[in-house]
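Open the model in your viewer and keep the selection panel at hand. This tour goes stop by stop: what to select, then what is there.

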Amino acid sequence: FFSLKMAKPAVYVTREINKEALDILNQSCTVSSWAGSGPVPRAELLKNIENKSGLFCLLSDKIDSEILNKAGPNLKVIATMSVGYDHLDVQEIKKRGIKMAYTPDILTDATAELAVALLLATSRRLLESNEEARTGGWQAWSPFWMCGPGLKGSTVGIVGFGRIGQEIAKRLKPFGPKKIIYYNRSEKRQEAQEIGATKVSFEELLAESDFISVSCSLTPETKEMFNEAAFKKMKKTAIFVNTSRGGVVDQDDLVRALESKTIWAAGLDVMTPEPLPLDHPLFKLKNCVILPHIGSACIETRNEMAVLTAKNIVQALEDEPMITELVV
Ligand code: DGY
């Protein structure tokens with residue numbers, strides 16, 4: 001007898017990743033990766049996806065029918081190193097019987113932590129204060145200078161009361177808000193009860209909240225739900241914080257709301273587009289804190305996200321159930 005050595009399935013990785021994740025892939029796959037700085041150029045992805053069995057991608061890679069056509073029938077699995085999947089054309093992928101995986105849960109704590117940091121940076125004007133201190137604006141201790149609203153006794157509104165929204169609420173609770181309210185498609189009765197949060201309508205949340213933290217996913221229903229009409233319903237003193245996706249906000253309306261002081265301030269970890277162009281009006285506003293989409297950027301978290309993505313690919317290629325399959 002002679003043994004038939006099966007060729008290892010080919011996997012394309014769209015960015016340089018950690019050794020631990022790469023080692024997992026290398027054990028059972030032939031791996032090629034984009035090694036340039038920044039996201040893989042579209043043309044490069046189109047060229048490299050041909051005949052691959054697996055794709056390890058990021059939220060900066062748009063995976064649509066053009067990519068899928070180029071990949072051809074060998075493509076069995078697409079795993080994204082993110083919990084959000086609005087960059088994947090899930091219907092097209094599903095239609096072709098290609099499996100999908102994502103990285104829920106493991107980034108929940110890191111993202112909730114960042115949301116709280118961003119909320120406080122915005123309400124307590126940390127970046128603006130730092131700028132003043134460094135550039136001579138700090139003349140003397142002044143009673144009403146660089147003040148911002150406090151969380152104690154406030155109403156906190158969470159939009160999107162999934163895993164991340166709930167963890168944000170839990171982390172904000174020790175600051176002593178009077179009330180935590182949430183708006184979510186479905187009622188999360190038990191979780192809300194444990195946290196002490198109440199479900200309200202979107203309109204109620206807008207009108208009552210002193211702090212609004214957004215953690216819903218981007219879907220056709222949530223697209224630009226924060227528009228002129230929504231900002232007008234908010235309190236003039238409201239702090240708006242978005243750590244979900246830029247697409248849930250009508251950004252031009254947000255600029256106007258901040259310029260006209262329709263709302264007090266915004267803290268954004270996500271924008272449209274990303275990166276936000278340097279000449280964008282949001283960068284000119286003192287009442288807007290902008291972070292470069294770092295919600296899950298804890299060292300341990302990002303390592304785990306890559307490892308989970310690699311494991312999902314290996315499992316799928318071995319016809320084993322994936323750890324975190326994305327089922328839509
Ligand atoms: C995600 O995973 O979708 C976040 O936006 C980045 O970690």
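Start by selecting Leu285. Leaving aside residues up to four places away in sequence, Leu285 touches Leu258 and Glu259; a contact here means C-beta atoms, placed from the backbone, within 7 Å. Leu285 sits in the loop between β11 and β12. Helices (H or I, at least four residues) and strands (E, at least two) are DSSP runs, numbered from the N terminus. Leu285 has 16 C-beta neighbours inside 10 Å, so Leu285 counts as partly exposed. The scale for that: buried is 20 or more other C-beta atoms within 10 Å of the residue's own, exposed is 12 or fewer, and partly exposed is in between, with C-beta atoms placed from the backbone.

Two notes before moving on. This is a predicted model: local features need pLDDT of at least 70, side-chain atom pairs count only at pLDDT 80 or more, and totals for chains, interfaces and linings use all residues. Residues are numbered from 1 along each chain as its sequence is written.

**Two cis prolines**

Pro273 lies in the loop between β11 (265-268) and β12 (288-290). Next, select Glu274 and Pro275. The bond from Glu274 to Pro275 is cis, with omega near -5 degrees. Pro275 is also placed in the loop between β11 and β12.

**Helices α5 and α7**

Select residues 108-123 for α5 and 163-172 for α7. Their axes come within 8 Å and cross at roughly 50 degrees. Axes are lines fitted to C-alpha atoms, for helices over the stretch in contact, and angles run from 0 to 180 degrees between N-to-C directions. The pair is therefore oblique. Angles under 35 degrees count as roughly parallel, over 145 as roughly antiparallel, 65 to 115 as roughly perpendicular, and the rest as oblique.

Which residues of α5 and α7 make the contact? From α5, show Thr108, Asp109, Thr111, Ala112, Glu113, Ala115 and Val116. From α7, show Arg163, Ile164, Glu167, Ile168, Arg171 and Leu172. Colour the α5 and α7 contact residues by type: 6 are nonpolar, 2 polar and 5 charged. Ala, Val, Leu, Ile, Met, Phe, Trp, Tyr, Cys and Pro count as nonpolar, Asp, Glu, Lys and Arg as charged, and the others, Gly among them, as polar.

Now pick out Ala115 in α5. Is Ala115 buried or exposed? Ala115 is buried, with 27 C-beta neighbours inside 10 Å. Beyond four places in sequence, Ala115 touches Ile168, Ser213, Ser215, Val241 and Thr243. Then find Gly97. Ala115 and Gly97 are 18 residues apart in sequence, yet their C-alpha atoms are 36 Å apart.

Go on to Arg125, in the loop between α5 and α6 (126-135). Arg125 is not a glycine, but its phi is positive, about 55 degrees. Arg125 is buried, with 20 other C-beta atoms within 10 Å.

**The loop between α2 and β3**

Select Asn51, in the loop between α2 and β3. Asn51 has phi near 65 degrees, a positive value in a residue other than glycine. With 13 C-beta neighbours inside 10 Å, Asn51 counts as partly exposed.

Then select Ser53, in the loop between α2 (42-48) and β3 (54-57). Ser53 is buried, with 20 other C-beta atoms within 10 Å. Beyond four places in sequence, Ser53 touches Pro9, Ala10, Val11, Asn74, Leu75, Lys76 and Leu317.

**Helices α1 and α12**

Select residues 19-28 for α1 and 299-317 for α12. The two axes come within 8 Å and cross at roughly 10 degrees. These helices are therefore roughly parallel. On the α1 side, show Glu20, Ala21, Ile24, Leu25 and Ser28. They meet α12 residues including Asn303, Ala306, Lys311, Val314 and Leu317. The residues of the contact of α1 with α12 divide into 9 nonpolar, 3 polar and 2 charged.

Key: Contact = placed C-beta atoms within 7 Å.
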